[in-house]
Amino acid sequence: MGILIDVSHLSEKSFWDVTKISSSPIIATHSNAYEICNNPRNLKDEQIKAIAKSGGIIGICYYNEFLVKENSDENSKADITDIVRQIKYIKNLVGIQYIGLGSDFDGMDYDKTAKGVENITKIKNIEKELLKEGFTSKEIEMIMWKNWGEILRKFIQ
C-alpha cells in the first residue's frame, strides 16, 4: 500500500503481527535496545533483527528512561555515552546500515532528554562522541542522516 510502518509504540505481539503482513521496510523511529535498557518500549534482539531483515531502520531515542536501566540509581541521568552504547550494540547485532537518530524531541519533556542532547542545537555532540569511540566518518554520516535518507529515497520511488 506504500506505507512505512513505525513500530515504536507497538506491543511486542503487535510488532510480530506487522512483520507477518508487511512487505515494506519496517521502521522504529524512536526505539532502543532492550538488552541494554530493559524498558518494555525498547526492542528485543529478535525484533531488531526482524527490522534489519525487512530493510528497515531503528532511530535511537534520547529519552532517559529508554537509555538507563530501570534497576539503576533513580537519580541517574542518561548522557551521550548511553546513546552511543545503543548505537554500538545495534551495529554489532545487525550492522550500521540499520541505525539512525530518532530523538523523540516532539514527544518528551526536555528535562527527560539525555545530557548533552537537550535540543537539536546539540546534535553534533553525538557525532563528536561517535568519533571519540572510533566510528569512521562514513559510519557517522550513515547514522546522522544517510540511512534515513536512503530508506526514504527508495520508498518514495
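Is Lys13 buried or exposed? Lys13 is exposed, with a relative accessible area of 59%. The model is predicted.

1. Lys13 pairs with Asp17. Their side chains meet in a salt bridge, with 3.1 Å from N to O. Both residues belong to helix α1, which covers residues 12-21. They sit four residues apart, about one turn of the helix. Asp17 is partly exposed, at 30% relative accessibility. Lys13, at 59%, is exposed.

2. Glu129 is buried, with a relative accessible area of 11%. Lys132 is exposed, with a value of 65%.

3. **A further pair.** Lys146 forms a salt bridge with Glu141. The closest N and O atoms are 3.7 Å apart, and the cut-off for a salt bridge is 4 Å. Lys146 is partly exposed, at 31% relative accessibility. Glu141 is partly exposed too, at 32%.

4. **The total.** How many salt bridges does a search of the whole structure find? The search finds 11. As background, side chains of opposite charge can pair when their charged atoms come close.

5. **Cysteines.** The disulfide count is zero. A disulfide needs the two sulfur atoms within 2.5 Å. Cys37 is buried, with a relative accessible area of 0%. Cys61 is also buried, at 0%.

6. **Asn42.** This residue sits in the loop between β2 (26-28) and α2 (45-53). Is Asn42 buried or exposed? Asn42 counts as buried, at 4% relative accessibility; the limit for buried is under 20%. Leaving out residues up to four places away in sequence, Asn42 touches Ser31, Asn32, Ala33, Tyr34, Cys37, Gln47 and Phe66. One of these contacts, Cys37, is the buried cysteine of point 5. Tyr63 lies 21 residues from Asn42 in sequence. In space, the two are 11 Å apart, C-alpha to C-alpha.

7. **The largest pocket.** About 200 Å³ of space lies in the largest pocket. Its lining has 13 residues. Closest to the centre are Gln97, Asn147, Glu150, Ile151 and Lys154. Which helix gives the most to the lining? Helix α6 (residues 137-156) does, with seven residues. By class, the lining holds six nonpolar, four polar and three charged residues.

Notes. Residues numbered from 1 in each chain as written. Predicted model: local features only at pLDDT ≥ 70, side-chain atom pairs only at ≥ 80, totals over all residues. Heavy atoms only, no water. 1 Å grid on protein atoms, 1.4 Å probe; cavity = no way out; pocket = protein on both sides within 12 Å on 5 of 7 lines; lining within 4 Å. Points joined across faces, edges and corners; volume = space filled by probe spheres on them. Helix = DSSP H or I, 4+ residues; strand = E, 2+ residues; numbered from the N terminus. Nonpolar A, V, L, I, M, F, W, Y, C, P; charged D, E, K, R; others polar. Buried < 20%, exposed > 50% of the residue type's maximum accessible area, 1.4 Å probe, protein only. Contact = heavy atoms within 4.5 Å.
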